[in-house]
Amino acid sequence: MAIRQLREIGDDILTKQCKAVPKMTLRTKILIGDMLETMYEYHGVGLAAPQVGVLKQIVVIDVGEGPIVLINPEIVETSGEQTGEEGCLSVPGKWGIVTRPNHVKVRAFDQEMNPIELEGEGLLARAFCHEIDHLSGQLYVDKTEDGLHDVTYDSGEEGEETEE
């Protein structure tokens, strides 16, 4: 496995539609491993294939309950609403307020190309929506309610994020 270079806002690949994954190949398995390693290296909760320069419908997520791999995911049901801070590894040093569904049901394939259906609430629901948006070339920055804000750090705990 390897840490891949993150594509950042302004890179055209982040605005393109991804292609469905027809079957699992060794190359795709390596990509998934690299995506997980990259997500953890940069302390993200999710990563989509276009963020590492690959136009495939693959998403990895870990909100603290272990890794989730979604291939060809689609949102099939949503309910409720939540509004909160959102950031993105492809938009470093920024965050914005975004409203998303509070409950999301997703259909996809797992790493063995078995069909799966997952449901999430709160942060997991937000991560499903955010990462699946990447697969159709959408970034959260277009959904912010009051624009982008700079991430700031206080003088207390090193690396602790604060909002101003």
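Biologist: How many bridges join strand β4 to strand β5?
Modeller: Five, and the two strands run antiparallel. Keep in mind that this is a predicted model. β4 covers residues 82–86 and β5 covers 94–100.

Biologist: Which residue is the bridge partner of G84 in β5?
Modeller: That's V98.

Biologist: OK, and how do β5 and β8 pair?
Modeller: In the antiparallel sense, over two bridges. W95 has H149 in β8 as its bridge partner.

Biologist: What holds strands of a sheet together in general?
Modeller: Strands of a sheet pair through backbone hydrogen bonds, and that can be parallel or antiparallel.

Biologist: New topic: in what order do the five strands of the open sheet come?
Modeller: β1-β2-β3-β6-β7, with antiparallel pairing. β1 and β7 are the edge strands, each pairing on one side only. From one strand to the next, the twist averages 35 degrees.

Biologist: What about β3 and β6, how many bridges there?
Modeller: Six. E74 stands opposite R107 in β6.

Biologist: Which strands does helix α1 lie across?
Modeller: β1, β2 and β3, running at about 35 degrees to β2. α2 lies across β1, β2, β3, β6 and β7, at about 125 degrees to β7.

Biologist: Now K143, where is that found?
Modeller: In the loop between α2 and β8.

Biologist: Which side chain does K143 join through a polar contact of 3.4 Å?
Modeller: The side chain of Q138. K143 also touches other residues, including I97, V98 and D133.

Technical notes
Residues numbered from 1 in each chain as written. Predicted model: local features only at pLDDT ≥ 70, side-chain atom pairs only at ≥ 80, totals over all residues. Heavy atoms only, no water. Helix = DSSP H or I, 4+ residues; strand = E, 2+ residues; numbered from the N terminus. Contact = heavy atoms within 4.5 Å. Polar contact = N/O pair within 3.5 Å; in protein donor to acceptor, adjacent residues only side chain to side chain. Pairing = 2+ DSSP bridges. Axes fitted to C-alpha atoms, helices over the stretch in contact; angles between N-to-C directions. Lists of a residue's contacts leave out its neighbours within four places in sequence.
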